[in-house]
Amino acid sequence: MGNETNLVRCCIVGGGPAGMMLGYLLARAGVEVLVLEKHSDFLRDFRGDTIHPSTLEVMHELGLLDEFLELPHQKVYELNAQFGEMRLTIADFRHLPTRCGFVAFMPQWDFLNFLAKKATRYQTFDLKMEAEVVGLIEQSGRIIGVRAKTPDGEIQVRADLVVGADGRTSIVREKARLQAREFGAPMDVLWFRIRRTAEDPAVTMGRFDAGRIFIALNRGDYWQCGYVIAKGQFEEMRRQNFDTFRAAIVKLAPYLQDSIHELRGWDDVKLLTVRVNRLDEWFRLGLLCIGDAAHAMSPVGGVGINLAIQDAVAAANVLFKPLLERHVTMDDLRRIQARRELPTRVTQRLQLAVQDRIIARVLTDTQPLKPPLAVRLLARYSFFRRIPARIIGLGIRPEHVSAELLRAGVAAHRR
Ligand SMILES: Cc1cc2nc3c(=O)[nH]c(=O)nc-3n(C[C@H](O)[C@H](O)[C@H](O)COP(=O)(O)OP(=O)(O)OC[C@H]3O[C@@H](n4cnc5c(N)ncnc54)[C@H](O)[C@@H]3O)c2cc1C
């Protein structure tokens, strides 16, 4: 039994993009929210730094955009790739019908700190760091709260609704016994940073060559690099000389020749085990899962953060009133899944097609690479580049903060 019990309307497990955005939106509308985050801060391993045009649009709707863009960031207007010898732009964000025709690259902790700071202005918001949820509290088939470990001992939180926004290894979905469908992936990704010099190229680039894929994201004074490998290959690679790995990178990105030695060994390289899955049902009585906890996305297109934020906006639009009235029904929860399942399904289907038809082929290719038909079409007709830009930048069925939810954000809730 816990030594402290908290009572709130909504308890959100996980302070990632989904949890913090939902926490902010609900607190702004006057709903008492507690976000539990297991880490002591938002500073942690790289897990995507992309703030998409659709998220920037949501920030605009909330009146936060100008202040948000004062934080250090890089604006990326297009994504480029090189297939064998062919260079091309695969997505051009300038044509999107949004205020910001670019992806803002910003460390995820800056984004989360910004949301936390804004949310803390509301009396109805509470964020507890170093609170790791270890179990759910259930009564007559309904989830009525969570148990969490904190440095001061175990606590209990009782809530009208528990939201699992605890990412792809979600304890909430496991404890709630929600079933996930796994779709598999032919690859894993190795992530690392390398210093960027003034002589290096400026563009954010994906390089595809027989047997290898390398991504370099321009982050100002460093490159955030991703090296795609066949699934499960990492253990074998680790047994090889690290110089072999360095040489493979320089072959794809010769401009890294001088700085590659700053990568000292395998400890500087982080493995992302790619998983793609989706819950059959995202909810139970008293509980909802959103973001990666409901659907782990493939890194193809870098859209996981976008979907997590969009889920949060859709959930807040539906839930703020029932939460204020203390009457969240299964139908409310069903409506959220119905709204967000289609965009998730379509995006995952596209990701799986790219994984199977392009990535798996490139990784097993030994002959000089011939760009696939889809890539040749993108290179030839600029109009086609608007399609990936839309899918990556906006997503399918972009969400907007509803007028009612906006109106509910009255100053009365401010501290
Ligand atoms: C290496 C890497 C690179 C990526 N690159 C990109 C990219 O470029 N663009 C992109 O859009 N997406 C990218 N992604 C995916 C993206 O990070 C996720 O899709 C997105 O963060 C999902 O947001 P979320 O809020 O659902 O979950 P998460 O961001 O995973 O947040 C979950 C939060 O819950 C907390 N938590 C977990 N368990 C508990 C618990 N028991 N109790 C309390 N708190 C808990 C975690 O500490 C975390 O803060 C990348 C992921 C990785 C790993």
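Visitor: Where is the place of Glu37?
Guide: Glu37 sits in the loop between strand S2 (33-36) and strand S3 (50-51); helices (H or I, at least four residues) and strands (E, at least two) are DSSP runs, numbered from the N terminus. The model is predicted: local features need pLDDT of at least 70 and side-chain atom pairs count only at pLDDT 80 or more, while totals for chains, interfaces and linings use all residues. Residues are numbered from 1 along each chain as its sequence is written, and side-chain values use heavy atoms, with hydrogens and water left out.

Visitor: Why does Glu37 count as buried?
Guide: Buried means under 20% relative accessible area, exposed over 50%, and partly exposed in between (1.4 Å probe, protein chains only). Glu37 has 5% relative accessibility, and therefore counts as buried.

Visitor: Why is Asp41 called partly exposed?
Guide: Asp41 also lies in the loop between S2 and S3. Its relative accessible area is 34%, so Asp41 is partly exposed.

Visitor: What does the side chain of Glu37 reach at 2.7 Å?
Guide: That side chain reaches the backbone nitrogen of Gly15.

Visitor: Which residues does Glu37 touch, not counting residues up to four places away in sequence?
Guide: Among them are Gly14, Gly16, Arg44 and Leu127, where contact means heavy atoms within 4.5 Å.

Visitor: What makes S3 and strand S4 (74-76) the edge strands?
Guide: Their open sheet has 3 strands in the order S3-S7-S4, with antiparallel pairing. Each of S3 and S4 pairs on one side only.

Visitor: How many bridges join S3 to strand S7 (residues 103-105)?
Guide: There are 2 bridges between S3 and S7. Two strands pair if DSSP finds at least two bridges between them, so S3 and S7 qualify as a pair. Within S7, Phe105 is the bridge partner of Thr50.

Visitor: What is the strand order in the open sheet of 7 strands?
Guide: The order is S6-S5-S14-S15-S16-S13-S17, and the pairing is mixed. Strand S6 (86-92) and strand S17 (270-272) each have a single partner strand, so one side of each is left without a neighbour in the sheet. Strand S5 (residues 78-83) runs parallel to strand S14 (residues 205-209), joined by 4 bridges, and Asn80 stands opposite Met205 in S14.

Terms used
Polar contact = N/O pair within 3.5 Å; in protein donor to acceptor, adjacent residues only side chain to side chain.
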